[in-house]
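Dear colleague,

I am handing over the structure below, together with an account of what was found in it. Please keep it open beside this message as you read.

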Amino acid sequence: MNYSHEVENMCIVKKDACHKPAPIPQEGKWTKATEIKDISGLTHGVGWCAPQQGMCKLTLNVKEGVIEEALVETCGCSGMTHSAAMAGEILPGKTILEALNSDLVCDAINTAMRELFLQIVYGRSQTAFSEGGLPIGAGLEDLGKGLRSQIGTIFSTKAKGVRYLELAEGYITNIALDKDDCVIGYKFVHLGKMMDMIKKGMSADEALAKASGQYGRFDDAAKVIDPREE
């Protein structure tokens, strides 16, 4: 190690106080983290690309500094769905420091990784006070049955009003309106459940019927519209 001439000629002043890192909450314990392997936790975060054309919700389960599980969900940009596929291959097995400095293909995913890194190393993970954290595979609980992201897609105009296209329950097939043309309910298809039934040999028509449901006062509708046609 090279020292400047000025430092070489300085006298030594001994370091007396011991300034250790402040403890952070991790999986039900207080940890004084000095190395990457001291970091554990499961957390979620959102990232966005520079032109803000799309976003990524990233879920990571970190054990002793290593990413053991990753859930990559993207919205708003067709290209980033393929970036998510690549990021899903890249992330597991890397330390969070390696992942922070890896090209995860898409700006939104890279930004999400940065935000999650900050959460985890500052003790702000979702499992900060959960003893032992969560098992590998816990990220799938975000998706529920059918393993599909929770999506809300709504389009509306001043001239023609709102159109529900997709909500947490699923793909919206019909919107129920009252006599004043206000929304009072909707019908939906849970696409994940429907596809599971079809894969098991059920006919598409039967699967569609079994995976369909309704919400609100749909049966009281004065008018029913297809949000994609009217």
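In what follows, helices (H or I, at least four residues) and strands (E, at least two) are DSSP runs, numbered from the N terminus. Please bear in mind throughout that this is a predicted model.

With that numbering, Asp 181 falls in the loop that runs between β8 (170-177) and β9 (183-189), and its phi is near 65 degrees, a positive value in a residue other than glycine. Asp 181 is partly exposed, its relative accessible area being 47%. Glu 27, in the loop between β1 and β2 (29-31), likewise has a positive phi without being a glycine, in this case near 50 degrees, but Glu 27 counts as buried, at 10% relative accessibility. Both are worth a look, because most residues other than glycine have a negative phi.

Turning to helix α4, which covers residues 107-121, its 15 residues should span 21 Å at 1.5 Å a residue, and because its end C-alpha atoms are 21 Å apart, the expectation and the model agree. The buried residues of this helix are Ala 108, Ile 109, Thr 111, Ala 112, Met 113, Leu 116, Phe 117 and Ile 120. In an α-helix there are 3.6 residues a turn, so residues three or four places apart point the same way. The buried residues of α4 pack against several elements, namely the strands β1 (24-26), β3 (41-48), β4 (55-63) and β5 (66-75), and the helices α2 (78-90) and α3 (96-100). After α4 comes Gly 123, which has a positive phi near 75 degrees.

Thr 43 counts as buried, with a relative accessibility of 0%.

Tyr 164 belongs to strand β7 (residues 161-167) and counts as partly exposed, at 21% relative accessibility. Between Tyr 164 and Ile 154 there are 4.9 Å in space, C-alpha to C-alpha, and 10 residues in sequence. Leaving aside neighbours within four places in sequence, the contacts of Tyr 164 are Thr 153, Ile 154, Ile 172, Ile 175, Val 183, Tyr 186 and Pro 227.

As for the cysteines, how many disulfides does the structure hold? The number is 0. The sulfur of Cys 77 has its closest cysteine sulfur in Cys 106, at 6.4 Å, which is too far for a bond. Cys 77 is partly exposed, at 31% relative accessibility, and Cys 182 is partly exposed too, with a relative accessible area of 42%.

Finally, the largest pocket holds about 250 Å³ of space. It is lined by 13 residues, of which Glu 73, Thr 74, Ser 149, Gln 150 and Ile 151 are the closest to its centre. Two or more lining residues come from each of β4, β5 and α2, and β5 gives the largest share, 4 residues. Sorted by class, the lining has 5 nonpolar, 5 polar and 3 charged residues.

With best wishes

Technical notes: Residues are numbered from 1 along each chain as its sequence is written. This is a predicted model: local features need pLDDT of at least 70, side-chain atom pairs count only at pLDDT 80 or more; totals for chains, interfaces and linings use all residues. Side-chain values use heavy atoms; hydrogens and water are left out. The expected span of a helix is 1.5 Å times one less than its number of residues. Buried means under 20% relative accessible area, exposed over 50%, partly exposed in between (1.4 Å probe, protein chains only). Contact means heavy atoms within 4.5 Å. A disulfide is a pair of cysteine sulfur atoms within 2.5 Å. On a 1 Å grid over the protein atoms alone, a cavity is a set of points where a 1.4 Å probe fits but cannot get out, and a pocket is an open set with protein on both sides within 12 Å along at least five of seven lines; lining residues have an atom within 4 Å of a point. Grid points are joined across faces, edges and corners, and a volume is the space filled by probe spheres set on the points. Ala, Val, Leu, Ile, Met, Phe, Trp, Tyr, Cys and Pro count as nonpolar, Asp, Glu, Lys and Arg as charged, and the others, Gly among them, as polar.
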